[in-house]
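Have the model open as you read.

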Amino acid sequence: MGRGVAYSTTEPAHLLNVRAEGMSAWAGDPDSFTHRFEREGGDRRGFAQRRLFGRYLGEILDEAVASGKTRLIHSGAVSAACEDGGWVVRLDDGSAVAADALALGVGNQEPEALGAFGSAGGRFIRNPWAEDARAAVAELAATGGTVLLVGTGLTMVDLVLSLDAAGHRGRIIALSRRGLIPRSHADFEPAPVERADLPQGLRGMLRWLRRRSAEVGWRAAVDSLRPHSHPLWQGLDGEEQRRFLRHARPWWDVHRHRIAPEVARTLHDMIAEGRLEIVAGRIITARPAPDGLEVDFRRRGAGAPTTENFAYAFNCTGPLHSIARTRDPLLRSLLDAGRVRADHLGIGLEVDDEARAGERLWALGPLTKGRYWEIIAVPDIREQAAVVADDIQRELGA
Ligand SMILES: Cc1cc2nc3c(=O)[nH]c(=O)nc-3n(C[C@H](O)[C@H](O)[C@H](O)COP(=O)(O)OP(=O)(O)OC[C@H]3O[C@@H](n4cnc5c(N)ncnc54)[C@H](O)[C@@H]3O)c2cc1C
């Protein structure tokens with residue numbers, strides 16, 4: 001409870017991708033996690049294990065429960081209906097909860113199904129966070145089988161670290177259209193900018209970023225946009241936002257969501273040892289084969305496809321992009337009943353400035369990325385959580 005996909009990992013090799021000093025859970029108390037991390041011998045500029053951050057969140061939740069104002073229910077919510085000006089949420093054990101206000105904090109949605117693997121059989125792991133993924137990693141560690149990771153972002157990084165930590169010494173191929181992998185954090189001299197000094201429009205922004213990166217370094221240039229990211233995103237029109245998602249997003253993601261230097265070193269060493277290969281290319285099709293699956297893929301720039309056998313393939317393409325395809329029954333029920341609407345980009349829910357998605361209904365975090373874009377990491381979500389909490393209190397007059 002409280003840890004979600006990101007912080008329920010038990011794997012010591014899984015580190016935060018934000019420095020400890022940026023990870024306080026509280027909008028008004030920036031050092032809350034740093035103090036916790038320093039007690040364990042950590043450095044505020046360092047990258048804590050994600051399982052430690054999970055324990056920190058668990059302690060906060062324990063306090064909330066001990067206060068008597070919070071009750072935890074270990075169930076899945078399967079639907080929500082408006083009744084008598086409030087909400088009735090039905091749970092998968094058949095019970096129901098009545099509430100005056102409903103806040104949706106359901107996080108990222110399971111990855112998109114990959115058409116090319118439609119008939120690949122059980123050796124294709126659809127959800128890298130599910131139980132069958134952990135079992136596959138354990139089996140691979142024992143057999144040393146060759147692995148295909150589809151996607152080369154942060155999910156790929158986690159899988160590679162899990163395989164390495166489990167003792168897998170076989171080959172891993174990680175493939176994506178452009179073969180871009182997350183860049184490493186490093187110290188840099190910040191170069192803050194004023195909102196008024198930034199250009200309007202996507203084209204102007206990209207030109208500015210290139211020029212500024214040459215002057216102050218790309219890390220300083222990218223991070224200087226952080227305090228302005230919500231108004232910048234909202235200043236783009238819908239077509240510019242779509243163009244960003246289609247063309248610029250892979251570059252933005254690898255520069256903006258960086259990995260800890262020690263994680264980058266592990267990947268670098270594995271590439272140098274020939275254990276990990278990053279491929280730019282496309283999957284054509286996959287089919288079951290004895291002890292695994294056979295995959296046809298085309299390397300970027302190569303004419304003929306390559307066919308290779310893998311013991312397992314994992315979907316590492318990251319969270320679902322299209323909210324209309326969510327498999328979460330609660331979201332499905334709200335979308336189908338017209339209680340919430342997909343945002344103009346179809347990547348989350350339509351919300352207003354206070355993150356309201358409907359009558360006495362709020363949405364938080366990744367669900368609201370159509371409106372804010374940069375709203376998937378703790379430093380942004382904690383600010384939003386504070387705004388939503390205030391708004392709920394105002395609405396209910398509590
Ligand atoms: C692998 C990974 C690593 C990350 N690392 C970092 C990091 O280092 N720093 C950082 O700032 N951000 C990181 N993030 C981003 C992360 O999304 C946020 O930090 C944060 O965890 C999002 O919180 P959330 O509460 O919105 O969603 P989540 O933490 O995903 O929590 C959602 C919860 O809702 C539950 N749920 C969903 N549907 C239902 C339902 N129908 N009924 C009942 N419960 C339901 C889920 O089981 C889960 O417990 C990472 C993300 C991932 C996936």
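Which residues of H6 are buried? They are Leu202, Gly204, Met205, Trp208, Leu209 and Arg212, where buried means under 20% relative accessible area with a 1.4 Å probe, protein chains only. Seen down the axis of H6, these buried residues fall within an arc of 145°, so they line one face of the helix; the arc is that of the directions from the helix axis to the C-beta atoms.

Before going on, a word on the source: this is a predicted model, in which local features need pLDDT of at least 70 and side-chain atom pairs count only at pLDDT 80 or more, while totals for chains, interfaces and linings use all residues. Residues are numbered from 1 along each chain as its sequence is written, and side-chain values use heavy atoms, with hydrogens and water left out.

Back to H6. Its buried residues pack against helix H7 (218-224), helix H8 (229-235) and helix H9 (238-256), with contact meaning heavy atoms within 4.5 Å. Turned away from that buried side are the exposed residues Arg203, Arg207, Arg210, Arg211 and Ala214 (exposed is over 50% relative accessible area). After H6 comes Gly217, with a positive phi near 95°.

Now for the loop between strand S4 (102-104) and strand S5 (124-125), where you'll find Gln109. Gln109 counts as buried because its relative accessibility is 11%. Leaving out residues up to four places away in sequence, Gln109 touches Pro319, Leu320, Ile323, Thr326, Asp328 and Leu331. With Thr326, the side chain of Gln109 makes a polar contact of 2.5 Å (a pair of N or O atoms within 3.5 Å, one able to donate a hydrogen and the other to accept it, and residues adjacent in sequence count only if both atoms are side-chain atoms).

Conventions: Helix = DSSP H or I, 4+ residues; strand = E, 2+ residues; numbered from the N terminus.
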